[in-house]
Amino acid sequence: MTIALRRRLLAEFTGTALLVTAVVGSGIMATNLSPGNVGLQLLENSIATALALGALILIFGPVSGAHFNPVVSAADWFLGRRAGTGLTAGELGGYIVAQIAGAIGGSILANLMFDLSAVTWSSKDRAAGHLWLGEVVATTGLILLIFALARSGRAPVAPAAVGAYIGAAYWFTSSTSFANPAVTIGRAFTDTFAGIAPASVPGFVVAQLVGLAVGVGLLAALYPDAGQAADQVVVPAEERDPALDRRP
């Protein structure tokens with residue numbers, strides 16, 4: 001493992017952890033401040049999440065690309081294979097492990113900040129066909145947005161655009177737009193507003209993978225050369241020494 005890759009994995013771990021901390025922590029705070037008003041709780045949770053996501057992309061984007069999401073990393077690897085851009089298979093594995101570990105750590109951190117047990121398995125059942133459809137839609141839109149920005153040379157606006165999309169998708173999807181397998185897994189570790197029961201996690205992850213496939217298919221039709229810009233996802237990563245690149 002090169003030093004550059006270690007830095008990128010640290011960025012993905014820390015960024016994903018802080019993202020989940022923001023999601024879970026703002027959900028707990030919303031419940032405390034607005035008891036009994038679910039609509040207001042969702043508004044508070046979505047605003048905090050959107051703003052935190054934009055800020056985290058600004059912080060970690062120049063180091064790792066600020067994926068924070070296995071489906072984004074998988075799309076980056078898949079689309080970049082032929083062009084020799086994006087993540088290698090080994091880097092993809094490292095990103096996914098770092099993202100999942102970070103998501104779990106972020107949920108635990110949020111629980112502890114609000115004086116809850118470190119791990120409280122969620123009891124919030126989210127297993128239903130219409131919720132899975134919502135996850136397909138949310139994930140498809142996210143993939144399209146990120147790679148369209150990269151392909152059209154507008155990756156620098158990703159912090160605002162991605163934050164805005166996730167904030168909006170909280171409201172226009174039935175699932176409140178998890179759109180992220182790592183975050184989904186992390187949110188199973190908290191029995192609070194943002195939680196998801198462990199038994200509901202597989203259905204959400206499968207739906208997100210379907211959204212990934214649909215998004216990549218649409219990108220192939222709309223932007224056939226999207227893979228050329230895979231190195232610009234989500235925010236252009238810093239230049240790497242070519243001698244350290246070991247792409248097949």
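The radius of gyration used here is taken over C-alpha atoms, and the rule for a globule is 2.2 Å times the number of residues to the power 0.38. Before we start: this is a predicted model, where local features need pLDDT of at least 70 and side-chain atom pairs count only at pLDDT 80 or more, while totals for chains, interfaces and linings use all residues. Residues are numbered from 1 along each chain as its sequence is written, and side-chain values use heavy atoms, with hydrogens and water left out.

**Exercise 1. Work out whether the radius of gyration of the protein agrees with that of a compact globule.**

Step 1: the protein has 248 residues, so the rule gives a compact globule a radius near 18 Å.
Step 2: the protein comes out at 17 Å, which agrees.
Step 3: for the outline, the C-alpha trace spans about 55 × 35 × 30 Å along its principal axes.

**Exercise 2. Count the helices and strands, then describe how helix 5 meets helix 8.**

Step 1: there are 8 helices and 0 strands. Both are DSSP runs numbered from the N terminus: helices are H or I with at least four residues, strands are E with at least two.
Step 2: take helix 5 (residues 129–151) and helix 8 (residues 201–222); their axes come within 7 Å and cross at roughly 40 degrees. Axes are lines fitted to C-alpha atoms, for helices over the stretch in contact, and angles run from 0 to 180 degrees between N-to-C directions.
Step 3: that makes helix 5 oblique to helix 8. Under 35 degrees counts as roughly parallel, over 145 as roughly antiparallel, 65 to 115 as roughly perpendicular, and the rest as oblique.

**Exercise 3. Is Phe60 buried or exposed, and which residues does Phe60 touch?**

Step 1: find Phe60 in helix 2 (residues 38–64).
Step 2: its relative accessibility is 13%, so Phe60 counts as buried. Buried means under 20% relative accessible area, exposed over 50%, partly exposed in between (1.4 Å probe, protein chains only).
Step 3: leaving out residues up to four places away in sequence, Phe60 touches Ala11, Thr14, Gly15, Leu18, Gly65, Ala66 and Phe68. Contact means heavy atoms within 4.5 Å.

**Exercise 4. What is the phi of Phe68, and where does Phe68 sit?**

Step 1: phi of Phe68 is near 55 degrees, a positive value in a residue other than glycine.
Step 2: most residues other than glycine have a negative phi.
Step 3: Phe68 is in the loop between helix 2 and helix 3 (70–80).
Step 4: with a relative accessible area of 1%, Phe68 is buried.
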